[in-house]
Structure formats: C-alpha cells, structure tokens
Amino acid sequence: MSLIRSYQRAIFKRLGLGLPGEQTPSCLHPGLVWEATRAPTGSSAAHPAGTVADRERIAGLVRGQAAGGLMPALEHVEAGSQSCPDWCLRGIEELLTDVQRLTGADEAEFGAPDMKEATGHLEAARDTLRRVWPEAALETDLLIRVIVYVRAGPFRSGTLRQTFGAVYLGTESVESTAAAFEALLHETGHHALYLRNSFETFVTNGDALVTHSLRPEPRPVAGAVHAAHVLARMTYGLARWAAVEETAPPEIFERRDNALQRLQRTIAALKPVAEWTDRGRLYFEDLLKWEQELTDARDG
C-alpha cells in the first residue's frame, strides 16, 4: 500500500496535480496512468496535458477517482463498445497487434466479446481467491481497477504498463473458474512487479534477449523475470486452492503442474543470462527458494 501511494503521487505529479484529499482510492484508474504516460515532461498544474480537452478529460477522471472511495468497485468494460474509452482502445490495439505478430491469428478471430460467461467465471475466481489466499485477493483489489474483455483468437490475458490498473482478458480463454483464477494471479503478478520496479531495479541487462517457455520467440530478460514472477504466483495460488478446499476442480492440479514446469524452465533460462543488482539478487534467491518449496510440495 505504501508503494501504491508513492506511485499515485508520481502519476499525479506528472499530471501537475495534487492528490485529491485524504480519501484517495487505494488503486489508480488506468485512464489516469494513460494520461500521465502521454503527458509532456514538465507538465504544470495550469497546463497538465496541453489542451483544454485534455484537462477536462483528466479532471473527469480525477473526480471519478475520488468518488470511488478507498476501495472502488471493479469495472468491467467490453472492448469495442461505445463505453470503451480512448485509453482502452489504444491498449487493445497494441495488444491485438502483438497477438497477430506472434500467432498469425486471422482477423476473423477478432470481434465483439461475449462478457456474460467470462464475467461469471471471473467473479467466482475472485471469491475463491478471497477464501484460499486472502492476501493475494487484497493485492488484486489494491492493484486492479478495470477488466477489459476482448475476443482475440488465442489471446488469453495481458497487462500494459501504460494502462496500469487494467487487465485485458480474452473471453475465449476464460472457459472455467480455474482459468479465471489463474489469469487473476498472472496479471496481478505483473502489476505487483511493475509497481516494485518503479522504485527499484532488479536487473541491469533487462534489454538482453533470452528464450523462455511463455513466448515462441526470444524476449528481453526483464520480460523473463516477469514470467518467472507470475508463474511462481500461479503455481502457489493453485496449490493453495488444492490444499484448502477438497471440492477444488481437478483441472487445478494440471494447471499447477504446468505452471511449475514453465517456472522451472524460465528460471533455468535466466540463471546464465540475468545480471542482477544487489536487490535483484535477493529477489532471485527468494524466487529460487520458492520454486524449490513448490517442487518439494508437489513431489511430497
């Protein structure tokens, strides 16, 4: 929560604004983060983002931010709908371009999402997370403000740093509560690491390329660190569900084992390549211990 508060100050400062009172929400709206990302360096309170339209849009976001209370309700947005704001459209465009580049998906696989089933699975997953890993559920509530539903062929889920606070969710991949549970852990993990890395650096060669198990092509070391981070969370969360509830669906065991195998491969890829800062080395040592504990628990 301390990091979130510091991040809020940085975003509002970039927009030339002060925090709106003592009751500032715990999570930032991705629209504000987007505006801060595109605001010119050195913005001032009198002219935070250039045009009158920019200032009015930002003022509306700030009012909405303050009106949401300390823990605003999660927003659900349908990609391509009339209610889909500019920050959302730009984020979707970037993600879908990446999906087409990596998978060669045909444009026919893209279109209006069916939110009903996906929303049901997501809410059930949030309830499950509160029961089996309440600390992770609180972290999700603190970091995630908006779920954007998209239909994009093989696309599963995604997070963009410039729309921090939003999770983009592929409706065709959320076929069960377990799938939604895994996606929540995955994307909250990206948010948590983005937040930490806003204040401390873990690797000095983040742009160097490495091949790991989540991507068909080489990816920067910084991205592989993110992959290891979220895979550890996914493995642990699924293991918690299996341990806490006897009625947990059988598919979570397969998902847990799959996540652990990918975690092991990603860590193996990072070991000879990543150049860690002192803080980063401590982080990686903790990650290695966690991976070993997860492996022992599975094999025990």
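The chain has 10 helices and 7 strands. The model is a predicted one. Of the 300 residues in the chain, 51% are buried.

**The chain as a whole**

- The accessible surface comes to about 14100 Å².
- Carbon and sulfur atoms account for 52% of that surface.
- Take the contacts between residues at least 6 apart in sequence: 71% of them join residues at least 24 apart.

**Helix H6**

- Helix H6 spans residues 134-143.
- Its buried residues are Ala-136, Ala-137, Thr-140, Asp-141, Leu-142 and Leu-143.
- The cover over these buried residues includes H1, H7 and helix H5 (115-132).

**The second largest pocket**

- This pocket holds about 250 Å³ of space.
- Its lining is made of 14 residues.
- Glu-139, Leu-143, Ala-192, Leu-195 and Arg-196 lie nearest the centre of the pocket.
- Four helices each supply at least two residues of the lining: H1 (2-14), H6 (134-143), H7 (177-197) and H8 (221-244).
- Which helix gives the most to the lining? Helix H7 does, with 4 residues.
- By type, the lining residues divide into 10 nonpolar, 3 charged and 1 polar.

**Thr-159**

- Where does Thr-159 lie? Thr-159 sits in the loop between strand S4 (157-158) and strand S5 (166-170).
- Is Thr-159 buried or exposed? Thr-159 is buried, because its relative accessible area is 12% and the cut-off for buried is under 20%.
- Set aside the neighbours within four places in sequence. Thr-159 is then in contact with Ala-166, Val-167, Glu-187, His-190, His-191 and Tyr-194.
- One of these residues, Glu-187, also makes a polar contact with Thr-159.
- Tyr-194 is 35 residues away from Thr-159 along the chain. The C-alpha atoms of Thr-159 and Tyr-194 are separated by 9.9 Å.

**Helix H7 across the topics**

- Helix H7 spans residues 177-197.
- H7 is included in what covers the buried residues of H6.
- H7 also supplies 4 residues to the lining of the second largest pocket.

Technical notes:
Residues numbered from 1 in each chain as written. Predicted model: local features only at pLDDT ≥ 70, side-chain atom pairs only at ≥ 80, totals over all residues. Heavy atoms only, no water. 1 Å grid on protein atoms, 1.4 Å probe; cavity = no way out; pocket = protein on both sides within 12 Å on 5 of 7 lines; lining within 4 Å. Points joined across faces, edges and corners; volume = space filled by probe spheres on them. Nonpolar A, V, L, I, M, F, W, Y, C, P; charged D, E, K, R; others polar. Buried < 20%, exposed > 50% of the residue type's maximum accessible area, 1.4 Å probe, protein only. Contact = heavy atoms within 4.5 Å. Polar contact = N/O pair within 3.5 Å; in protein donor to acceptor, adjacent residues only side chain to side chain. Areas by Shrake-Rupley, 256 points an atom, 1.4 Å probe, with all protein chains shown as cover.
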